[in-house]
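Thanks for coming. I have one model to go through today, and I will start with it on the screen.

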Amino acid sequence: MKKFLFTLTLMLIAGLSYSQTTYYWVGGTAATSYTSNSNWNTQLDGLGTSRSVAASNDILVFDGTNVGGTIPTTGQVTTTASSTNSGRLVLQNNANIIIGRASAGSAVITINGDGTSAEDLQVNAGCTLTLGMAIYNYDVQVVMGAGATGLVNGTVYLSPLSNTVHTRSFITVVTANSFVFNTGSAVHITDSLASSGFNASAIGSINFKTGASLYYYTGRSPMGSSSTIQFLNLDPGSNVYFMNSNVSYLDGITSYTSSAWSNLKTYSNIFVKNGATFKSDGPFYKIEDLTIDNACTFITHTSGNTPVLGNLTVNGTLNGPLNSTNTVIMGGNNLQTISGIGTIDVPSLTIANYSDVVLAKSVNVLNNVNVVGKINFGAANKVTGSASFTSRVNGTAANLTGNTVAGSYQITNIVGTITGVTGLAVVGSSLSANTNVVGFSASNALINLSKPALATATGVSFTFMSDTATLVTANPNGMDTLTGSVVVTDIKSFQSGTNY
């Protein structure tokens with residue numbers, strides 16, 4: 001009896017293994033059905049077995065070396081889909097695939113995973129996957145099943161690029177840290193008013209590695225639907241390009257619903273391009289390089305901070321709303337440059353304790369300038385405006401306790417009242433040396449850092465302090481009130497001990 005059961009078990013396992021089959025696209029380049037069994041074959045040359053009963057763990061492969069089967073064919077493939085599912089979907093060997101619709105409506109392609117370590121949605125280098133068609137309401141959406149993983153080394157278009165048609169096409173990832181855009185990959189998002197490019201994804205489910213890029217054109221925020229949700233983990237050196245303004249493409253004014261763009265968001269490099277305006281809807285947690293092109297505008301939030309840890313390049317306009325109290329924090333730990341041919345007109349400016357900033361263009365400031373670290377004005381560049389100016393020395397704030405997670409740019413679960421710490425150095429056993437505070441949220445009991453924490457720890461004691469500010473100028477008039485490097489009109493306080 002035991003022998004019979006053992007044999008039966010082996011047969012069942014063999015049957016399950018057999019039910020998972022790899023099929024290659026042999027349907028050619030002319031528009032035809034993604035779900036038609038005759039368009040898939042167990043052999044690339046089409047001489048194997050056609051797909052008969054679709055299994056939920058089948059592996060579907062588009063191979064750019066031959067998309068036509070028996071008669072070798074190459075080129076862009078256009079398929080039309082209704083809702084379906086498979087275990088894996090793979091694009092390889094420079095495949096260029098459009099998955100659209102034959103009629104109005106939405107097709108949902110569910111990727112279940114095949115239970116192996118292989119990535120379940122795979123777009124290899126040199127390959128392009130486009131979801132949706134340039135016809136309104138011809139929408140295609142990919143939903144990654146629980147446990148399914150994705151890896152993009154090529155290019156993905158979530159709706160074809162269009163100035164007039166915005167279909168509702170997106171990728172939904174439901175498992176944290178399960179979908180990767182690798183170095184050199186790109187995703188272009190031209191979505192509708194109704195959704196985000198990563199609609200309904202889980203927090204931290206999609207990772208952009210260093211050198212990966214997101215290009216935003218239209219649609220709800222690809223970052224998240226609220227201040228507490230961020231779909232994306234943006235590694236240092238990854239890029240977000242705003243190719244269009246982050247307001248409705250219908251009137252250029254109305255804000256998208258269910259969208260959080262900057263509010264408590266952690267970015268890497270931000271580029272504002274193509275005449276776009278980026279309007280902040282809350283204080284940022286972190287930006288690395290911030291680049292604003294000619295004829296483009298970046299508007300800070302009305303309050304809180306805009307921490308820049310890299311270079312600030314403004315060839316367009318950087319400003320804040322009327323009566324704003326927002327502070328631009330130059331808070332990096334490497335040499336930072338403020339440059340460009342545009343206009344910088346910010347509410348307030350802080351140079352953090354361990355920051356070293358070269359002013360390669362003049363900056364107009366309305367409220368306050370606080371130099372805790374080092375600023376080099378050069379020969380001709382100035383800080384102007386109605387602001388006060390203070391170079392600070394030997395500042396401290398009350399010690400606080402909190403928690404860190406290795407790799408995170410935050411101290412969380414702060415115990416105590418957070419006040420007066422922005423721009424100061426922070427020291428704690430789980431932090432890197434020379435870490436600056438670049439902002440905080442008292443309501444969320446957290447502090448934002450210029451460097452990621454070294455370790456995961458709870459109840460750590462943190463000390464806050466500042467060294468002596470350093471002012472460097474090659475202006476022959478030095479710090480003269482009218483002709484020197486600091487010509488703000490409010491009170492100027494060069495605290496005793498400032499380095500010149």
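First, the terms of use. This is a predicted model, so local features need pLDDT of at least 70 and side-chain atom pairs count only at pLDDT 80 or more, while totals for chains, interfaces and linings use all residues. Residues are numbered from 1 along each chain as its sequence is written, and side-chain values use heavy atoms, with hydrogens and water left out.

The protein chain has one helix and 44 strands; these are DSSP runs numbered from the N terminus, helices being H or I with at least four residues and strands E with at least two. Its C-alpha trace spans about 90 × 60 × 35 Å along the principal axes. Of the 500 residues, 52% count as buried. Buried means under 20% relative accessible area, exposed over 50%, and partly exposed in between, with a 1.4 Å probe and protein chains only. Among contacts with a separation of 6 or more, 62% come from residues 24 or more positions apart, where contact means heavy atoms within 4.5 Å.

Next, the aromatic pairs. There are 21 of them in the structure. Rings of Phe, Tyr and Trp (its six-membered ring) pair if their centres lie within 6.5 Å; planes under 30 degrees apart count as stacked, over 60 as edge-to-face, and the rest as tilted. Trp 25 and Trp 40 are edge-to-face, because their ring centres are 5.1 Å apart and their planes stand at 80 degrees. Trp 25 sits in strand β1 (residues 22–25) and Trp 40 in strand β3 (residues 40–41), so this pair ties together parts 15 residues apart in sequence. Trp 25 is buried at 0% relative accessible area, and Trp 40 is buried, also at 0%. Tyr 256 and Trp 261 make a tilted pair, 6.1 Å centre to centre with 50 degrees between the planes. Tyr 256 is buried at 7% and Trp 261 at 4%. Both belong to a cluster linked by ring pairs, which also includes Tyr 216, Phe 242, Tyr 267, Phe 278, Phe 284 and Phe 298.

Now the largest pocket. How much space lies in it? About 590 Å³. Of the 22 residues that line it, the closest to its centre are Gln 230, Asn 233, Thr 266, Tyr 285 and Gln 410. A pocket here is an open set of points on a 1 Å grid over the protein atoms alone, where a 1.4 Å probe fits, with protein on both sides within 12 Å along at least five of seven lines; lining residues have an atom within 4 Å of a point. The volume is the space filled by probe spheres set on the points. Strand β20 (residues 232–234) gives the largest share of the lining, three residues.

Last, the loops. Ser 196 is found between β17 (186–190) and β18 (206–208). Is Ser 196 buried or exposed? It is buried, at 4% relative accessible area. Its side chain reaches the backbone oxygen of Ser 221 at 2.9 Å. Ala 200 is in the loop between β17 and β18, but Ala 200 is exposed at 58%. Ala 200 has a positive phi of about 65 degrees although it is not a glycine. Most residues other than glycine have a negative phi.

Key: Polar contact = N/O pair within 3.5 Å; in protein donor to acceptor, adjacent residues only side chain to side chain.
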